[in-house]
Amino acid sequence: MTGDRRISRRRVLRTLGVLGAAGATGALTLAVPRGARAQQFGLQETVQDGLQRLFGSRPIKDGAGIIKLDVPLIAENGAVVPVSVEVSSPMAPNNYVKHIYIVADRNRIPIITRATLVPEAGQASVGATVRLGETGDVRAIVEQSDGALLQVKREVKVTVGGCGG
């Protein structure tokens with residue numbers, strides 16, 4: 001039974017049961033919403049500034065061996081680009097994927113998604129539909145529970161109006 005990655009109904013029901021029990025007991029906590037702050041008009045943050053703000057001087061290693069970033073090479077409509085990230089890492093209480101970030105290097109606000117995970121999730125994967133302002137790299141950055149950072153990136157060509165320009 002190695003390499004069999006099908007999702008069975010039993011596995012889905014088990015996962016939903018664990019999430020339901022975690023939610024009922026309070027083990028699964030959602031972050032308390034904080035007050036929203038508008039970004040100053042015209043303020044832009046570079047990717048390097050954003051990563052420095054989030055991770056400080058911690059090194060980010062290549063995660064090509066365990067991170068699967070699924071994003072189209074060509075996005076005909078940059079306003080609606082599906083992105084999914086799957087991490088092949090154990091989700092044990094002492095070693096798990098803590099956060100998954102999706103970063104679009106050429107966006108005005110480059111850090112576009114942060115997902116927080118808990119070991120009870122069972123599998124580290126997220127999916128989102130994002131907006132890309134122009135052609136550029138899309139990164140998936142994974143923060144492990146021990147603070148280790150891994151990333152993969154892929155260039156996405158945005159064709160405005162489907163003209164390939």
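## Buried charges and a ring pair

At 8% relative accessibility, Arg-139 counts as buried (buried means under 20% relative accessible area, exposed over 50%, partly exposed in between, with a 1.4 Å probe and protein chains only). This is a predicted model, where local features need pLDDT of at least 70 and side-chain atom pairs count only at pLDDT 80 or more, while totals for chains, interfaces and linings use all residues. Residues are numbered from 1 along each chain as its sequence is written, and side-chain values use heavy atoms, with hydrogens and water left out.

**The chain as a whole**

- You're looking at 2 helices and 9 strands, in the order α-α-β-β-β-β-β-β-β-β-β from the N terminus (helices, H or I with at least four residues, and strands, E with at least two, are DSSP runs numbered from the N terminus).
- The chain has 165 residues, and 32% of them count as buried.
- Take the contacts with a separation of 6 or more: 62% of them come from residues 24 or more positions apart (contact means heavy atoms within 4.5 Å).

**Salt bridges**

- The structure holds 5 salt bridges (a side-chain nitrogen of Lys or Arg within 4 Å of a carboxyl oxygen of Asp or Glu).
- Back to Arg-139: its salt-bridge partner is Asp-105, with the closest N and O atoms 2.9 Å apart. That pair links distant parts of the chain, since Arg-139 sits in strand β8 (residues 136-144) and Asp-105 in the loop between β5 and β6, 34 residues apart. Asp-105 is buried too, at 18% relative accessibility.
- Glu-134 is partly exposed, at 38% relative accessibility.
- Asp-137 bridges to Lys-153, with 3.9 Å between the closest N and O atoms. Here strand β8 (Asp-137) is linked with strand β9 (Lys-153, residues 149-158), 16 residues apart. Both ends are partly exposed: Asp-137 at 24% and Lys-153 at 47%.

**Asn-107 in the β5-β6 loop**

- Asn-107 is in the loop between β5 and β6 (111-116), and it counts as buried at 12% relative accessibility.
- A polar atom of the Asn-107 side chain lies 2.8 Å from the backbone oxygen of Arg-131.
- Beyond its neighbours within four places in sequence, Asn-107 is in contact with Ile-112, Arg-131, Leu-132 and Gly-133.

**The aromatic pair**

- There is 1 aromatic pair (rings of Phe, Tyr and Trp, the last by its six-membered ring, pair if their centres lie within 6.5 Å; planes under 30 degrees apart count as stacked, over 60 as edge-to-face and the rest as tilted).
- Phe-55 and Tyr-101 have ring centres 5.2 Å apart and planes at 90°, so they are edge-to-face. Phe-55 is in helix α2 (residues 47-55) and Tyr-101 in strand β5 (residues 97-104), so parts 46 residues apart in sequence are tied together.
- Phe-55 is buried at 4% relative accessible area, and Tyr-101 is buried at 4%.

Notes
Polar contact = N/O pair within 3.5 Å; in protein donor to acceptor, adjacent residues only side chain to side chain.
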